[in-house]
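Thank you all for coming. Please have a look at the sequence and the structure on the screen before I start.

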Amino acid sequence: MPYLLIRQRFADYNQWREAFDSLTEQRSAVGLETVVVTRDMGDPAEAVVLFRFDDIEQVKKHFPSPELEDAWRRGGVIEGSNQATFLLEAE
């Protein structure tokens, strides 16, 4: 199963979380399922999110998209901090 790992830095967690949660329907529409949302223990101004999905072409419709980039702005994501890694589950 493929996964998408996202790392982002932000100024305010609550602001970031509100913007993140506002995209629940859009993520679901392209088949992204949130596995876990975490914060770095050593740096609580960084979120690490793991998503599961089936169809990478559908995911690419959302990542990146104007709606997603708008949510990053609303969420106070620090420019240049967004890291995305596509992963495959090891057997």
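Predicted model: local features only at pLDDT ≥ 70, side-chain atom pairs only at ≥ 80, totals over all residues.

Residues are numbered from 1 along each chain as its sequence is written, and side-chain values use heavy atoms, with hydrogens and water left out.

Let me begin with the core. A nonpolar core is a set of buried Ala, Val, Leu, Ile, Met, Phe, Trp, Tyr and Cys residues joined through side-chain atoms within 4.5 Å, where buried means under 20% relative accessible area, exposed means over 50%, and partly exposed lies in between, using a 1.4 Å probe and protein chains only. The largest such core here has 19 residues, and those with the most contacts inside it are Leu4, Ile6, Trp16, Leu32, Val49 and Phe51. At least two residues of this core come from each of strand E1 (2-9), helix H1 (13-21), strand E3 (43-52) and helix H4 (66-74); helices (H or I, at least four residues) and strands (E, at least two) are DSSP runs, numbered from the N terminus. In soluble globular proteins, nonpolar side chains tend to be buried together.

Now to the rings. Rings of Phe, Tyr and Trp (for Trp, its six-membered ring) pair if their centres lie within 6.5 Å, and planes under 30 degrees apart count as stacked, over 60 as edge-to-face and the rest as tilted. How many aromatic pairs does the structure hold? There are six aromatic pairs. In one of them, Phe10 and Tyr13 have ring centres 5.9 Å apart and planes at 55 degrees, so this pair is tilted. Trp16 and Phe20, by contrast, form a stacked pair, with 5.1 Å from centre to centre and 15 degrees between the planes. Both of these residues lie in helix H1, four residues apart, which is about one turn of the helix. Trp16 counts as buried because its relative accessibility is 3%, and Phe20 is buried too, with a relative accessible area of 11%. Ring pairs link Phe10, Tyr13, Trp16, Phe20 and Phe51 into a cluster.

Two of these rings also have a charge sitting over them, a term that requires NZ of Lys or CZ of Arg within 6 Å of the ring centre and within 35 degrees of the ring normal. The charged end of Arg27 is placed over the ring of Phe20, 4.0 Å from its centre, and that of Arg39 over the ring of Tyr13, 4.2 Å from its centre.

Finally, two single residues. Arg7, in strand E1, counts as partly exposed because its relative accessibility is 28%. Contact means heavy atoms within 4.5 Å, and, leaving aside neighbours within four places in sequence, Arg7 is in contact with Asp40, Glu46, Ala47, Val48, Ser81, Asn82 and Gln83. Is Phe53, for its part, buried or exposed? Phe53 is buried, with a relative accessible area of 3%, and it is found in the loop between E3 and helix H3 (56-62). Among the 17 residues that line the largest cavity are Phe20 and Phe51.

How values were computed: 1 Å grid on protein atoms, 1.4 Å probe; cavity = no way out; pocket = protein on both sides within 12 Å on 5 of 7 lines; lining within 4 Å.
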